[in-house]
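Colleague: Could you walk me through this model? I would like to ask about a few spots as we go.

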Amino acid sequence: MKILVCISCVPDTTSKINFKNNDTEFDNSQIQYIINPNDEFGLTRAVWFKENDGAEIDVVSVGLDNNDQILRKALAIGADSAFRINQEALDSFQVAKLLSAHISNNNYDLVIAGRESIDYNGGMVPGIIAEILNFNYVTNCVGLEITDSSAEIKREIEGGVETLTCKLPLIIGAQKGLVEESDLKIPNMRGIMQARQKPFEIIQGKTEETKTKTFKFEKPESNKEIKLVSPDNLDELIQYLHNEAKVI
Amino acid sequence: MSILVYIESNQNQIKKSSFESLSYAKKLSKLISLDVIAVVINCSELAPLSDFGPDKIISINEKKLETFNAHNYADVISNVSKSVSAKNIIISDSINCKYLASLLSVKLDAAFVSNVVSLPNSTNPFVVKRSTFSNKAFCDIEINSEIRILSISKNSIGLNENKSEPIIINPDINFTESKLTSESIKVSEEKVSIEDADVVVSAGRGLKGPENWNIVEDLAKTLNAATACSKPVSDMGWRPHSEHVGQTGKPVSTNLYIAIGISGAIQHLAGVSSSKVKVVINNDPEAPFFKVADYGIVGDAFEVVPKLNEKLKAFQAENN
């Protein structure tokens, strides 16, 4: 089985988000970049398929050379080869088109992306790829088993879980639950050394059209003063919630 | 040309988020002077829709669409969109809507913008505001394709009643059946889901162990609320992942969010920032959650929560 894991390079989850140039650009000074957490859950599942079923794993990312460090990390975690499509990621449609071209050149049985990136939160890249390439698609994926060329997928739905089946090829949107947080792998020294010897290819990629343009950012208004209520006077809280906030 | 709204229903009950989508569409129609058409799949109780102003309802009844399948639904909605020349397609931010929208966007060569929180601040070019960076920020986004799909963030627009007398039509439909098969659906019947809840009661490590969750569940029951939790709690397996609220879990845009024994890591606060009213109960007055909440109680959760529950029950008995 040949697996592709699509990886997005995002600010660390603890990052404070700031903007510059009159709020038109993300301020990336003092930002640590990481593998998008949803993608990392997917990568970890892919490594499980490699260790248990001998699957082969490629990883791919769309972006400029600051993405190289996270692709190297993915190799250190267990991927076999890395590809970087050397175009600045501008919108989901453009990224999905670039990834689709790579996928159709490489005959993957399974493509794994994250449910969404934690920076842009578009949540549409795997779906667009699925429709372009006519793959089966399941997102919010919290379970994946593969036997021969059949997949059983669990997806989170509102208030529960749905189990689906299909033949490969398949593309999924991974999220927490696909593997446990404690199963995530921290690269060890051997992995990091091996990663240096693994194939790492830079693909130029075409200039694809975009359908959207993000041009101005703002941060949520900071909250008004909190009203503290004494634990001995909970009726006061109920009155606030009823009369002032009108939520009960 | 028209504005098409996809209406989600569950066992003949239209979802509240779909009324919000319809409210959005109606407001949008005033800006761009187009008819609002609602499309509904396998729902026979259509009367509530006319409270929110659609000009037309396209009601599809098809046995093969009984179970949601994103590929099939996207195909059906795409065919309907083409038949009414929809240039704007409005959906909610629900799991299923977002799932089908990315497929739909390719079928219609449309732009899909999720997490929309405002009406367009300009219609030419078409610019809307959406939340981004996992609710840590907003951005203005310009859409430059002819057809656009907008998914509306829960509680961002609200409901806006607007009576109408829509024409109802039942078209024949064609679609290519997907090869993805649903084998089983497990939904917990007695519990309110986080996605649907108006009130969410959430708890963290301050509760010391999963055996203490009864006080959280009792309070949730009184408020007809969903239960949720912080990341460490789901990582330790005290509660299921589906309850994890935050950047790598799920965002919560609810009317009332009660955080019990949750200190308020930046990732958790991002996940709840779009909830309207936040109450924090924590014995540590330095907990970061106090900086973002509307109301706070510094106290021991094990004393405060059961007492609050009793007081709420008394309040409800008095007011009903």
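Colleague: What separates the centres of domain 1 and domain 2 of chain B?
Modeller: In this predicted model, the centres of domain 1 of chain B and domain 2 of chain B, taken over C-alpha atoms, are separated by 32 Å. The assignment gives residues 2-169 to domain 1 and 199-319 to domain 2, with bounds from an automatic or database domain assignment.

Colleague: And how many residues does each domain give to the contact?
Modeller: Domain 1 of chain B gives seven residues and domain 2 of chain B gives nine, where contact means that C-beta atoms, placed from the backbone, lie within 7 Å. The side of domain 1 that touches domain 2 has no nonpolar residues, five polar and two charged, with Asp, Glu, Lys and Arg counted as charged, Ala, Val, Leu, Ile, Met, Phe, Trp, Tyr, Cys and Pro as nonpolar, and the others, Gly among them, as polar.

Colleague: Now the two chains: how many residues of each are in contact?
Modeller: 61 residues of chain A are in contact with 74 residues of chain B. On the chain A side, the largest share, eight residues, comes from S11(A), strands being DSSP runs of E with at least two residues and helices runs of H or I with at least four, numbered from the N terminus. By class, that side has 29 nonpolar, 17 polar and 15 charged residues.

Colleague: Which strand of chain B does S14(A) join?
Modeller: S14(A) is joined by six bridges to strand S10 (residues 137-143) of chain B, and the two run antiparallel; strands pair if DSSP finds at least two bridges between them. Within S10(B), B:Asp140 is the bridge partner of A:Lys216.

Colleague: Last one: is B:Asn12 buried or exposed?
Modeller: B:Asn12 is exposed, with 10 other C-beta atoms within 10 Å; exposed means 12 or fewer, buried 20 or more, and partly exposed in between. Phi of B:Asn12 is near 70 degrees, a positive value in a residue other than glycine.

Methods. Residues are numbered from 1 along each chain as its sequence is written. Chains are lettered from A and ligands numbered from 1 in the order in which they are written. This is a predicted model: local features need pLDDT of at least 70, side-chain atom pairs count only at pLDDT 80 or more; totals for chains, interfaces and linings use all residues.
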